[in-house]
Each structure stands twice: as structure tokens, then as C-alpha cells.
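Let's walk through this model together, from the place where its parts meet to what lies inside them.

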Amino acid sequence: MRVLVVEDERILADAIAEWLRDETHAVDLAHDGESALERIAVNDYDVVVLDRDLPRVHGDDVCKQLVASERDARVLMLTAAAQLDDRVTGLSLGADDYLPKPFAFPELAARVLALGRRARPAAPPVLRRAGITLDPARREVYRNGRFVPLSKKEFAVLTELMRANGTVVSAEHLLEKAWDEHADPFTGAVRLTILKLRRKLADPPIVETVPGVGYRIA
């Protein structure tokens with residue numbers, strides 16, 4: 001998934017990003033509300049992890065503008081404002097979840113994953129298609145009962161293909177969801193990752209190339 005972490009404490013923001021990247025997510029960072037809105041305007045995020053007390057534009061205003069934009073991104077407010085009234089206010093602004101600081105990283109990761117399943121048409125907790133079983137929570141993939149070890153990027157790309165449920169996924173979409181904003185769209189990273197993925201999934205070939213359009217699992 002593509003996640004935006006909006007947190008003005010840079011050490012904490014880097015720690016959250018590192019943890020979520022280890023969970024195979026593509027993560028962008030913003031350290032104030034203004035830059036968060038700029039990134040939201042140009043990128044298609046599944047989840048926004050949002051601090052409330054932000055410089056330039058307050059987190060509450062970021063949340064309201066994101067909700068008003070009718071984008072699919074889900075909002076997880078992550079803030080030191082932990083009283084009941086704070087949580088009620090945050091949810092009333094349109095946030096989908098609210099996690100007070102201090103927090104445990106495994107819980108944050110689990111909540112991000114749960115929200116990501118709701119960011120687009122609902123996906124089951126475990127994805128199954130064409131003999132492949134993919135468990136996002138455990139980060140495990142099996143083909144016909146055989147465990148398939150994948151890199152983070154391979155897992156992220158396969159997840160998008162599985163979620164597409166047989167429809168074609170463009171290389172641009174895969175780059176958007178599996179790589180962060182620093183990815184070079186001209187590197188051929190998607191094509192190379194697809195090649196490695198096919199090799200690891202073994203025969204018979206399961207990932208189909210639709211010339212000029214993208215990829216799919218038929």
C-alpha cells in the first residue's frame with residue numbers, strides 16, 4: 001500500500017516510516033500540514049497517518065480537507081491528545097481511526113493494514129486466486145501449498161495484482177503503490193520486479209503481460 005506519514009517530530013516520523021516499510025508498504029513523509037496537503041493532491045494514498053498538532057496547517061484542517069476532497073485514503077490520527085473528548089473530536093472530523101501516543105509499533109502496523117483493506121473496494125484479510133494464497137498480515141505467500149519467499153517489493157506488487165481480482169493493473173499503478181515518491185518511473189523497476197516474481201512463483205506462469213496495458217493474474 002501507499003502510506004503518507006505526517007508527523008513533525010522527525011525522529012518519530014522516520015521510525016514509523018521504517019517500520020511500515022518493513023511491512024512492505026511504500027511510505028512518504030511530510031513534517032507539516034502544508035506539505036501533507038501538497039502530497040495528497042498529487043499522490044493516491046491508501047492510508048494517511050496524521051498527527052494533529054502540526055505546523056503551518058493544523059492536522060484537523062488537513063483531515064477536513066482530505067475528507068472534503070472525496071479521495072479514497074483512510075485517516076489514522078496519531079496524536080498525544082488522548083482524552084475521550086479529543087478522540088471524539090478527531091473521529092467527528094472524518095478520521096477513520098485514532099491511536100494515542102505513546103503507541104506500540106505492531107498495533108500501528110495492524111491498524112494501517114486494516115484501514116488499507118477499506119481504502120478501496122473491500123478486500124478479504126487473506127487473498128486467494130489461481131492457486132496463490134497471500135496473507136498480508138503474516139506477509140506470507142503460498143502457491144498450491146508451497147511457501148514462496150518474496151522480497152518486500154515483490155510482495156507489494158503481488159498484493160496489488162491479487163487485489164485486482166483478474167483485472168489488468170498498469171505499471172504506473174504498481175509504481176504508485178509499491179514505491180515511494182522518490183522512485184524513478186524510467187528505471188524499469190516494475191518490469192524487473194515482475195520478472196523476479198514470475199521466477200519465484202514458478203511454472204506454470206501465473207502473471208500475464210497485457211501488451212501496452214499492464215499485468216494481471218488471470
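How many salt bridges are there between domain 1 and domain 2? The count is 6, a salt bridge being a side-chain nitrogen of Lys or Arg within 4 Å of a carboxyl oxygen of Asp or Glu. Before going further, note that this is a predicted model, where local features need pLDDT of at least 70 and side-chain atom pairs count only at pLDDT 80 or more, while totals for chains, interfaces and linings use all residues. Residues are numbered from 1 along each chain as its sequence is written, and side-chain values use heavy atoms, leaving out hydrogens and water.

Domain 1 spans 2-119 and domain 2 spans 127-217, with bounds from an automatic or database domain assignment. Where they meet, 17 residues of domain 1 are in contact with 13 residues of domain 2 (heavy atoms within 4.5 Å). Lys177 and Asp46 also form a salt bridge through their side chains, at 3.2 Å from N to O.

Now look for the largest nonpolar core, which has 25 residues. Such a core is a set of buried Ala, Val, Leu, Ile, Met, Phe, Trp, Tyr and Cys residues joined through side-chain atoms within 4.5 Å; buried means under 20% relative accessible area, exposed over 50% and partly exposed in between, with a 1.4 Å probe and protein chains only. Leu158, Leu161 and Val207 have the most contacts inside this core. Leaving aside neighbours within four places in sequence, Val207 touches residues including Leu161, Ile194, Leu197 and Tyr215. A second, separate core of 21 residues includes Val5, Ala13, Leu78 and Phe103.
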